[in-house]
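Welcome! Have a look at the structure, then try each task before reading on.

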Amino acid sequence: LSQDQSFYLDPVVIEEIFDFYRAADDSGKALRLLDFALRQHPYNSDLHLKRSQLFFGEEQFELALADARRALELSPLDIACHVQKARCVAEMGQLELALETLASATSLAPEPSELLYQMGQLYQGAERWEEAIAHYG
């Protein structure tokens, strides 16, 4: 995508192109696509979430967290946004905030078992074995 080009991309088309770049393991093009798409669709939480995940994979955790927070602002009931925020803050050494984020999301989830599992993983990583076991139940 060239900077001097001006055209509209539908979110469905963006998703297809993004998936193509991810399958080709071309995170640079995927990031440029998302930057372009977010200029057209700044209130699309899915695009912010995808960019957060992309930054996370590149170990750019502060940028990943910024997009995860924006996605969460736009879609506060989206469990994936809560999980992404928790992943980011956990990776940045904020275990308690990650656990709080996941715990608050359990009340939103129709089936919280995945969130409880994620919490168990965090406790296990912190060598808090009893709490980990309790969440794996």
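**Exercise 1.** Find out whether Asp25 is buried or exposed, and where Asp25 sits.

*Solution.* Step one: check the accessibility. Step two: find the place. Asp25 belongs to the loop between α1 (11-23) and α2 (27-40); helices here are DSSP runs of H or I with at least four residues, strands are E runs of at least two, and both are numbered from the N terminus. Step three: look at the backbone. The phi of Asp25 is near 55°, which is positive in a residue other than glycine.

Before going on, a note on the model: it is predicted, so local features need pLDDT of at least 70 and side-chain atom pairs count only at pLDDT 80 or more, while totals for chains, interfaces and linings use all residues. Residues are numbered from 1 along each chain as its sequence is written, and side-chain values use heavy atoms, leaving out hydrogens and water.

**Exercise 2.** Which residues form a negative surface patch, and where is Glu58?

*Solution.* First, the members: Asp25, Glu58, Glu59 and Glu91 form the patch. Like charges are joined within 9 Å, and nonpolar side chains (Val, Leu, Ile, Met, Phe, Trp, Tyr) within 5 Å. Second, the place: Glu58 lies in the loop between α3 (45-57) and α4 (61-74). Third, the accessibility: with 42% relative accessible area, Glu58 is partly exposed.

**Exercise 3.** Describe the chain as a whole: how many helices and strands does it have, and what share of its residues is buried?

*Solution.* Count the elements: there are eight helices and zero strands. Then take the burial: 37% of the 137 residues are buried. Last, the extent: along the principal axes, the C-alpha atoms fill a box of roughly 55 × 25 × 25 Å.

How values were computed: Patches are made of residues with over 30% relative accessible area and no salt bridge: like charges are joined within 9 Å, nonpolar side chains (Val, Leu, Ile, Met, Phe, Trp, Tyr) within 5 Å. Accessible areas come from the Shrake-Rupley method with a 1.4 Å probe; for residues, only the protein chains shown count as cover. A salt bridge is a side-chain nitrogen of Lys or Arg within 4 Å of a carboxyl oxygen of Asp or Glu. Lys and Arg count as positive and Asp and Glu as negative; His and the chain ends are not counted. The place of a charge is taken as NZ of Lys, CZ of Arg, CG of Asp or CD of Glu. Buried means under 20% relative accessible area, exposed over 50%, partly exposed in between (1.4 Å probe, protein chains only).
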